[in-house]
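Subject: A structure for you to look at

Hi,

Here is the structure I promised to pass on. Please open it and keep it beside you while you read my notes below.

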Number of protein chains: 4
Amino acid sequence: MATDELLLAPTTQTQPVALGKGVVVGGDAVVLMVGPCAVESEAQLRAIAEAMVAHGLRVMRGGAFKPRTSPYSFQGLGVEGLKLLRRVADEYGLLVVTEALGVEHVPLVAEYADVIQIGSRNMQHFPLLWAVGELDKPVLLKRGFMATVKEWLLAAEHIRSRGNERIILCERGIRTFETATRNTLDTNAIALVKATAPFPVIGDPSHATGRADLVIPAARAALAAGADGLLVEVHPDPTQALSDGEQALPLAQLAQLVAAAQRIAAALGRTVA
Amino acid sequence: MATDELLLAPTTQTQPVALGKGVVVGGDAVVLMVGPCAVESEAQLRAIAEAMVAHGLRVMRGGAFKPRTSPYSFQGLGVEGLKLLRRVADEYGLLVVTEALGVEHVPLVAEYADVIQIGSRNMQHFPLLWAVGELDKPVLLKRGFMATVKEWLLAAEHIRSRGNERIILCERGIRTFETATRNTLDTNAIALVKATAPFPVIGDPSHATGRADLVIPAARAALAAGADGLLVEVHPDPTQALSDGEQALPLAQLAQLVAAAQRIAAALGRTVA
Amino acid sequence: MATDELLLAPTTQTQPVALGKGVVVGGDAVVLMVGPCAVESEAQLRAIAEAMVAHGLRVMRGGAFKPRTSPYSFQGLGVEGLKLLRRVADEYGLLVVTEALGVEHVPLVAEYADVIQIGSRNMQHFPLLWAVGELDKPVLLKRGFMATVKEWLLAAEHIRSRGNERIILCERGIRTFETATRNTLDTNAIALVKATAPFPVIGDPSHATGRADLVIPAARAALAAGADGLLVEVHPDPTQALSDGEQALPLAQLAQLVAAAQRIAAALGRTVA
Amino acid sequence: MATDELLLAPTTQTQPVALGKGVVVGGDAVVLMVGPCAVESEAQLRAIAEAMVAHGLRVMRGGAFKPRTSPYSFQGLGVEGLKLLRRVADEYGLLVVTEALGVEHVPLVAEYADVIQIGSRNMQHFPLLWAVGELDKPVLLKRGFMATVKEWLLAAEHIRSRGNERIILCERGIRTFETATRNTLDTNAIALVKATAPFPVIGDPSHATGRADLVIPAARAALAAGADGLLVEVHPDPTQALSDGEQALPLAQLAQLVAAAQRIAAALGRTVA
């Protein structure tokens, strides 16, 4: 079906995507994926994993390779970060979502991750879309921060055209004229995807706001718009974070996030996983 | 306090604004304001008023003067529209929100309205802000669709600087590069206002989406972000509307909107009025 | 003709607009309109007028009423400013362009100005457009910084629908995600208006850049795109300006601006007036 | 020097970049780089090369790999396209600019191209920036259509941090709310780069407008703002183009483009190469 038709189509049924270990995105339960912006140390990951298990969460996010806008900023732990993520996740029975930066990077990341993330800046990096389109692993496709919903759905088609249908979309905020927040969470886009496309869609309130104090209300808004899950940056001590500290939810507030998500999910007849 | 400080301030207490007849915006109850884009006929208003009463809603919105982008489109019923609004509202015990287009227009509108609306395109029409700042009536200040939150709060200061403190803000979507929806509902802005400013804030999911099928999810998102109410365009038969028909919620779906609002409000410990 | 057709139409002939004293916008000569952001004093205006006469310029711009984003900033000299502008302009044989802020303001401004300016924030203030549409004076219609070219041309239609055909458009930069400059000069829009609409169009490199060091290159770009003139803020001493000092061209650089304009104009077979 | 400082720095001297065969970008001559969006056939390239030689132009652009927004559109001739470009260019004594899509693609493209282009969607694809940073070839770095000038200069730093200092920036239009043109040419950005950074900068009026009828005025505007050259899509018969036909300048109008560039260049004391 053409994308223009998709955007006008009557309400479409979301096709759930199974991540493994019984976790499904796009079903009755909304899935909370949490973790650090960048993997920094085993102690950091372990603290987060323990809190996740305590709240019944199953999917850990974390960045091992973190190319930054400035070449002089912290760029991530690299392969060591991937290994740490995998080791801690296995120990706690968690799944791992992490990003592949380029085609040449896909085999390595696929070895360690349960879900391959395509970052916002790569949403139209077509060779990368084709490469993950040939994998037998779920892909988390972040919306480009200046991409229309139509372009986002077409990027998903680039993946699907190579055979991989396990695609989860992630709205992470768009760039607008507003500067008081890092980006503008586009809850309309979440509702539009739910109404017109078969892909599950989650929200990323961390990048969408850039401010820890707005993460919980933005998480609620994303879920209320229909999101099938959330991707949230947490840190045991945001003041010490090596990247994006101002938007990381302090781990001590994870309980509040989970409670808020449960209340909104319940209002919509859903649960939290 | 300077606005830059406001935007960084710790969570601020909303100052509730009383509209009359016991209706308060910014308190425990979220307030649903509904009505037609443009007043078209007594039959239209009466049908809407009856449905409102049936659902316990108290505030009717409606446009009497509707200057449109093109000079050749329907421009509203004018004074007759104001009179109709007032008459039907009084009969059903409702309050009226309607727009004043310019300084010269304020005395007339103030005669018929309980709440004076300042439209998005007028958010920085300073003489108009000063004029309503001298009234003893609540003002509903819509955010300019290209205005930052800081500019919006400063526009409120222009009103307040003339003495009127009964100001309700309304987020109605901002203009971005996205064209699949008419505007982009900025739920971050709602959360930011709640966190940093004393004014109640409501959401307008009709203008923010431009599509009737997205109005209810957008309404839920606005409330989940913390909105103290909603402003929603409804029409007994949107296919026959003289303006903005594609975004009007069919009156037959008002029950769904109210139910959705009640469920989200309850999740936040609030009620609906 | 519908605006959609206008935007696709084959190249249209610009209809020149006569301002008085033999000055015509939209003819062979590009017209430089210069002056202070805000009228501050007779000495300020006199210094500018002398420099204008020395360079053969004929149209002085200046603001008497300057409502500012913050209610606590300098708001202009008001009627005294209008009188000063008129007096100095008459003494030096210049024409005056100044802004009318609202409908109630039009008769006063029309008494002192040769050209009535509609500000960017008022581009869709329809009652004001109708009011100047009934005057027998040229109108300078600034593009809303959030308005599409189509909306801008429709705003001109609102003026024209009341009888006044002497309309000059002014591109003054649009709001985008870029923050290094105050706005983004849309030279495409200038070229599009020249290709498709009958109105002369000028460029405002002062508001479009917000930086004095970029005013001359932006002025060149606007003219090269086809602009019929420029509106430029100058000040004898920008460090002492009461408003917008960072974007005012120092009067000492007026000679450079004029020379740059002459060279670009000559490259296009035009002159400077 | 930090980028924030760069953006505020006093006027900086452009460091010219030599492309080979005596062609230099950033010196007295503005350099016109023209060619098809996508290489389609030898006949197409030959027609363009002949016209280029007739006008003294030396740098041919052309795309061999053309991943498109939709996976179902023409995606380019691939390696055959690169070979054709090289063969025709050599025959006519021209240089070749063409795009590398990803890290894995760099060695292949470097074998055939004189200048490696980084596309707008790849401006922050950091592994690719690092890869071309290790080459001994000039790099043409297009601005991301969603990137600020600061981010663009930081992307150039990513290249320079690996040793390659031969960087040419290319402003190709940014995404804004305006839909009458494909993008908005940001002439302010050209002026800002010239004032504050050491890199030559060229303009791409084809992508910046998306309309053949606006290419020449936009080319003039870019040069008038200070651009050191242009990148323009031409086609012998745009109605038959396999991609982007609506923005390709008909080859028959190349003479007009060159003449317009010469006149603006002369106004600035420059020549055309």
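Before the findings, one term: two residues are in contact if their C-beta atoms, placed from the backbone, lie within 7 Å. Helices (H or I, at least four residues) and strands (E, at least two) are DSSP runs, numbered from the N terminus.

This is a predicted model, in which local features need pLDDT of at least 70, side-chain atom pairs count only at pLDDT 80 or more, and totals for chains, interfaces and linings use all residues. Residues are numbered from 1 along each chain as its sequence is written, while chains are lettered from A and ligands numbered from 1 in the order in which they are written.

Let's begin with helix 2 of chain C. Its buried residues pack against strand 3 (29-35), strand 4, helix 3 and strand 10 (229-235) of chain C. A residue is buried if 20 or more other C-beta atoms lie within 10 Å of its own, exposed if 12 or fewer, and partly exposed in between. In helix 2 of chain C, the buried ones are Gln44(C), Leu45(C), Ile48(C), Ala49(C) and Met52(C). They cover an arc of only 125 degrees around the axis (taken from the directions from the helix axis to the C-beta atoms), which puts them on the same side of the helix. On the face turned away from the buried side of helix 2 of chain C sit the exposed residues Glu42(C), Ala43(C), Glu50(C) and Ala54(C). After helix 2 of chain C comes Gly56(C), with a positive phi near 75 degrees.

Next, helix 3 of chain C. How far apart are the end C-alpha atoms of helix 3 of chain C? They are 20 Å apart, which agrees with the 20 Å that its 14 residues (79-92) should span at 1.5 Å a residue; the expected span is 1.5 Å times one less than the number of residues. Gly81(C), Leu82(C), Leu84(C), Leu85(C), Val88(C) and Ala89(C) are the buried residues of helix 3 of chain C. Seen down the axis, they fall within an arc of 165 degrees, so they line one face of the helix. Their packing partners in chain C are helix 2 (42-54), strand 4 (59-61), strand 5 (95-99) and helix 4 (106-112). The face of helix 3 of chain C turned away from its buried side carries Glu80(C), Asp90(C) and Glu91(C), which are exposed.

Now two loop residues. Most residues other than glycine have a negative phi. Asp244(A) has a positive phi, near 55 degrees, and belongs to the loop between strand 10 (229-235) and strand 11 (249-250) of chain A. Lys21(C), also not a glycine, has a positive phi of about 50 degrees.

Finally, the chains together. In chain A, 22 residues are in contact with 22 residues of chain D. Helix 6 of chain A gives the largest share of the side of chain A that touches chain D, four residues. Of the interface residues of chain A, 100% are also interface residues in chain D, so the copies meet through the same surface.

Enjoy exploring!
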